[in-house]
Amino acid sequence: MRSKIVAGNWKMNKTLAETEALLTELSAKLPDTQAEVMVAPTYINLTAAVRHLASSSIEVIAQNMHFAESGAYTGEISADMLLSVGIDTAIIGHSERRAYFGETDEILAKKVVTALEKNMRVMFCFGEELEDRKSGNHFSVVESQLKNALFSLDASSWSKIILAYEPVWAIGTGETASPEQAQEMHAFIRKTITEAYDTGIANKVSILYGGSVKPANAVEIFSKPDVDGGLIGGAALVADDFVAIIKAI
Ligand code: PGA
């Protein structure tokens, strides 16, 4: 059985006080669930979040990390720094990192390798832009993103990988891939991994969908057989919405 996961990517939102308030509310309202529930507050609030959730099953993860071990990388955060405050999972490859911070497949591949060397889990994000979908190139774009960043990994590394398919045109736009579009792409991703590795790996990796998931559409999206959960942006900032999405899984 693959793990079901609901993760909230808080992006550049919430001050310290707001972070603690949201975590308090989430912990109080957290439903009974088999799914792994994760939140990714901003770096500066990770330590506080880990402390705040010490007796909760909600896991704190990072939105990003650098590929270097340490050194002259002003403004960056290393794997060891994350591990030292109790974080062992990082989101890598979010489309906003790719679009606004120039993170290429090559950079992302290095980040993935570093995270795995540190025995961290990687939530790897990828997905096509609107033009790719309009021109029918969405499958080849997704395939090359996976190939460039992940397909040099050895088979054993895949137990540490979580995938998050996030079509860029659906992120923060209110526009969602239809459940059929999500299922079609997730099945394609599994087929691509089967070809690069084997069905064992393809069937074990959790593939989350991200892009305007809301309480109103979560049940339908999560009901698809190859969708193992969601990476939630905007709706993760409101406790009741995030809780409704957790219930949907
Ligand atoms: P959204 O963001 O749910 O606000 O579309 C998803 C994401 O960027 O991970």
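Let me start with G234, where a polar backbone atom lies 2.8 Å from an oxygen atom of the ligand, a polar contact in the sense of a pair of N or O atoms within 3.5 Å. Taken alone, the ligand exposes 290 Å², and the protein buries 95% of that, with accessible areas taken from the Shrake-Rupley method with a 1.4 Å probe.

Please keep in mind that this is a predicted model, in which local features need pLDDT of at least 70 and side-chain atom pairs count only at pLDDT 80 or more, while totals for chains, interfaces and linings use all residues. Residues are numbered from 1 along each chain as its sequence is written, and side-chain values use heavy atoms, with hydrogens and water left out.

Around the ligand there are 13 residues, the closest being K11, H94, E166, G172 and S212, where a residue is near if one of its heavy atoms lies within 4 Å. H94 places a polar side-chain atom 2.6 Å from a ligand oxygen atom, whereas S212 uses a backbone N or O atom, 2.8 Å from an oxygen atom of the ligand.

Now to S212 itself, which sits in the loop between β7 (207-210) and α10 (215-222); helices here are DSSP runs of H or I with at least four residues, and strands are runs of E with at least two. S212 counts as buried because its relative accessibility is 15%, and buried means under 20%. A polar atom of the S212 side chain lies 2.7 Å from the backbone oxygen of A170. Beyond its neighbours within four places in sequence, S212 is in contact (heavy atoms within 4.5 Å) with residues including A170, G172, T173 and N217.

How values were computed: Polar contact = N/O pair within 3.5 Å; in protein donor to acceptor, adjacent residues only side chain to side chain. Buried < 20%, exposed > 50% of the residue type's maximum accessible area, 1.4 Å probe, protein only.
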